[in-house]
Amino acid sequence: MAWIWMLLVAGAVLLWAVSLGRILSSPTPYSLPPSPRFLPPLGDRRSRNVLLVLAHPDDESMFFTPTILFLKSKGHSIHVLCMSLGNADGLGDTRKQELYDACATLKIPAEQVAVLDHQKLQDGFHEKWDHGLLAELTMEQIQLWDIDTIVTFDSYGVSGHPNHRDVHHGICKLLHENQRGNIEAWELVSLNMFRKYSGAVDIWLSSLISSSSKQLMYCLVNCSPSRTFEAMAAHRSQWVWFRRLFVRLSSYTYVNMLQKI
């Protein structure tokens, strides 16, 4: 019986190694399926102004690093809007600075990062965020930075955190009320528990689903997973043992699936 378990473990290790090798095989981040239709230039502009809308500091490093690195590799300008300080434990000011530090490791200039501290948008599982307010605050940054593309959470918000989910609904409200229709939006697809903690192995399923989906969907591959560790380590107050373990096992370290809203 023991040899069966040894065989299973060996198979799992081999699959992980092959998957990681597939991810590391490219010198630059890439998308699956490869397609020039994904975020093509708009008019005379070769690059886009992309707004990454988050709920808390560390969301960008823990969940969105493959997206950030891919967009940067294509020359797009990334702006970050974080809707709260993440002050649930009284570390809001510290976490705000850590977000700036993490963005610096990801080559996002500080002047392209905004962290809000609105009385009605405080971090917490039991805090209900107003979708209209979220839409209004996001539109202010869109106008300030001349944004044409948004990337944010989907309706489940990766972890199911209510603040993540409210951000998604706020963006949907913005899109619904934006009569000009000049803003394109993409959501990070939430995964089931098995895929979420399958690490590099999820590249096979994510690429298959993205390639065969009838909806507009792409798998973005992070060929430098160490960049995720560097960015997350900048959040020193949050870099505790279980988050270190999460980053190692999470498929969000290696791949992101983006679906058009």
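Q: What makes residues of α5 and α6 count as meeting in this predicted model?
A: Contact means heavy atoms within 4.5 Å. By that cut-off H131, G132, L134, A135, T138, M139 and I142 in α5 meet D166, V167, H169, G170, I171, K173 and L174 in α6. Sorted by class, the residues of this contact are seven nonpolar, five polar and two charged.

Q: Why are α5 and α6 called roughly perpendicular to each other?
A: The axes of helix α5 (residues 131-145) and α6 cross at roughly 65 degrees, and they come within 8 Å. Angles of 65 to 115 degrees count as roughly perpendicular, and the two helices are therefore described in that way. The crossing of α5 and α6 is right-handed.

Q: Why is α9 called roughly antiparallel to α10?
A: For helix α9 (residues 225-233) and helix α10 (residues 241-249), the axes cross at roughly 160 degrees and come within 10 Å. Angles over 145 degrees count as roughly antiparallel, which is why α9 is given that description relative to α10. The crossing of α9 and α10 is right-handed.

Q: Which residues of α9 and α10 meet, and how do they divide by class?
A: On the α9 side they are T228, F229 and M232, and on the α10 side R243, V247 and R248. The residues of this contact divide into three nonpolar, one polar and two charged.

Q: What makes the pairing of β2 with β3 qualify as a strand pair?
A: Two strands pair if there are at least two bridges between them, and six bridges join β2 (residues 49-54) to β3 (residues 77-82), with the two strands running parallel. For L54, the bridge partner in β3 is C82.

Q: Why are β1 and β4 said to stand at the edges of the sheet?
A: The eight strands form an open sheet with mixed pairing, in the order β1-β7-β8-β6-β5-β2-β3-β4. β1 (30-32) and β4 (113-115) each have a single partner strand, so one side of each is left without a neighbour in the sheet. From one strand to the next, the twist averages 25 degrees.

Q: Which strands does helix α6 lie across, and which does helix α8 touch?
A: Helix α6 (residues 162-177) lies across β2, β5 (149-153) and β6 (184-188), and runs at about 150 degrees to β5. Helix α8 (residues 202-212) packs on the sheet and touches β1, β7 (217-221) and β8 (255-260), with a direction that makes about 150 degrees with that of β7.

Key: Residues are numbered from 1 along each chain as its sequence is written. This is a predicted model: local features need pLDDT of at least 70, side-chain atom pairs count only at pLDDT 80 or more; totals for chains, interfaces and linings use all residues. Side-chain values use heavy atoms; hydrogens and water are left out. Helices (H or I, at least four residues) and strands (E, at least two) are DSSP runs, numbered from the N terminus. Axes are lines fitted to C-alpha atoms, for helices over the stretch in contact, and angles run from 0 to 180 degrees between N-to-C directions. Angles under 35 degrees count as roughly parallel, over 145 as roughly antiparallel, 65 to 115 as roughly perpendicular and the rest as oblique. A crossing is left-handed if the near helix is turned anticlockwise from the far one by less than a right angle, and right-handed if clockwise. Ala, Val, Leu, Ile, Met, Phe, Trp, Tyr, Cys and Pro count as nonpolar, Asp, Glu, Lys and Arg as charged, and the others, Gly among them, as polar.
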